[in-house]
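This briefing covers selected local features of one structure. Please look over the sequence and the model before reading on.

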Amino acid sequence: MNEFDKCYFCTCYDEYDGCECGCDDKSGFDPDHDKIISKAKEKHISVADVIALMNI
């Protein structure tokens with residue numbers, strides 16, 4: 001997976017255990033706003049850019 005995969009920004013995703021919800025098709029995606037903001041700060045890009053890269 002790439003670093004902007006939607007799963008990484010879901011509330012069900014844990015970086016050690018992976019997806020805790022078990023949604024393989026991303027239908028249960030629930031955005032974790034803190035993860036999105038942290039990635040934007042890490043990459044020095046806007047939150048909108050992170051969201052756009054997630055949806056590519």
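A residue counts as buried under 20% relative accessible area and as exposed over 50%, with partly exposed in between. The model is predicted. A search of the whole structure finds 3 salt bridges, and salt bridges that share partners join Glu-3, Lys-39, Glu-42 and Lys-43 into one network.

**Val-47**

- Val-47 has a relative accessible area of 35%, so this residue is partly exposed.
- The residue belongs to helix 2, which covers residues 47–54.
- Leaving aside residues up to four places away in sequence, Val-47 touches Ile-36, Ile-37 and Ala-40.
- His-33 and Val-47 are 14 residues apart in sequence, and their C-alpha atoms are 9.4 Å apart in space.

**Salt bridges of Glu-3**

- Glu-3 forms a salt bridge with Lys-39, and the closest N and O atoms are 3.1 Å apart.
- This pair links distant parts of the chain, 36 residues apart: Glu-3 is in the segment before strand 1 (13–14), while Lys-39 is in helix 1 (residues 33–43).
- Glu-3 also forms a salt bridge with Lys-43, where the closest N and O atoms are 3.1 Å apart.
- The pair of Lys-43 and Glu-3 likewise links distant parts of the chain, with Lys-43 in helix 1 and Glu-3 in the segment before strand 1, 40 residues apart.

- Lys-39 forms a salt bridge with Glu-42, the closest N and O atoms lying 3.5 Å apart.
- Lys-39 and Glu-42 are 3 residues apart in helix 1, so about one helical turn separates them.

**Accessibility of the network residues**

- Lys-39 counts as buried because its relative accessibility is 12%, and buried means under 20%.
- Glu-3 has a relative accessibility of 36% and therefore counts as partly exposed.
- Lys-43, at 34% relative accessibility, counts as partly exposed.
- Glu-42 is at 49% relative accessibility, so this residue counts as partly exposed; exposed would require a value over 50%.

Notes: Residues are numbered from 1 along each chain as its sequence is written. This is a predicted model: local features need pLDDT of at least 70, side-chain atom pairs count only at pLDDT 80 or more; totals for chains, interfaces and linings use all residues. Side-chain values use heavy atoms; hydrogens and water are left out. Helices (H or I, at least four residues) and strands (E, at least two) are DSSP runs, numbered from the N terminus. Buried means under 20% relative accessible area, exposed over 50%, partly exposed in between (1.4 Å probe, protein chains only). Contact means heavy atoms within 4.5 Å. A salt bridge is a side-chain nitrogen of Lys or Arg within 4 Å of a carboxyl oxygen of Asp or Glu.
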